[in-house]
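Have the sequence and the 3D view at hand, and try each task before reading its solution.

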Amino acid sequence: MDEEDRRIETHPDLVDPNWQKHAELDAWLGAKKELKKKRRKQRKAAAASGGGYRSPGSSRWPGIAAIVGLIVLVVAAVTVNAVQERGVNETPWFPLDESQITRLVTDA
């Protein structure tokens, strides 16, 4: 290869117009592929940091189900408390109530 072929302006492959079209197309496709990679990395980084858009596989349903379950439990607790007459913790430690004690004391 002589010195004239080594120059980029006069290289036989670069002088051919078809080769230039292919080279431009390859360069454009390569740039497009690199841009896709860059965007994919940015999306992954944004998802990992908690910002940006949600990832496609994530769903809101588990969170909504947890909130609905919590509301149901609170409503059930309030209902049971309203319906219940006397709770376990409200029973007196002494088996007789005040009216029975007063009657026993006054009758004796």
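**Exercise 1. Describe the fold and the confidence of the model.**

Start with the elements: the protein chain holds five helices and zero strands, where helices (H or I, at least four residues) and strands (E, at least two) are DSSP runs numbered from the N terminus. Along the sequence this reads α-α-α-α-α.

This is a predicted model, in which local features need pLDDT of at least 70 and side-chain atom pairs count only at pLDDT 80 or more, while totals for chains, interfaces and linings use all residues. Residues are numbered from 1 along each chain as its sequence is written, and side-chain values use heavy atoms, leaving out hydrogens and water.

Next, the confidence: mean pLDDT (the predictor's confidence in each residue, from 0 to 100) is 77 for the protein chain, with 69% of its residues at 70 or more.

**Exercise 2. Check the length of H4 against its residue count.**

First, find the ends: H4 covers residues 61-83. Then compare: at 1.5 Å a residue, its 23 residues should span 33 Å, and the end C-alpha atoms are 33 Å apart, so the two agree. The expected span here is 1.5 Å times one less than the number of residues.

Finally, consult the record: an unreviewed UniProt entry annotates residues 61-83 as "transmembrane region"; such annotations may be inferred rather than shown by experiment.

**Exercise 3. Is H4 covered or hardly covered?**

Count the buried residues (under 20% relative accessible area, 1.4 Å probe, protein chains only): among the 23 residues of H4 the count is zero, so H4 is hardly covered. For the protein chain of 108 residues, the buried share is 1%.

Definitions and conventions
Buried < 20%, exposed > 50% of the residue type's maximum accessible area, 1.4 Å probe, protein only.
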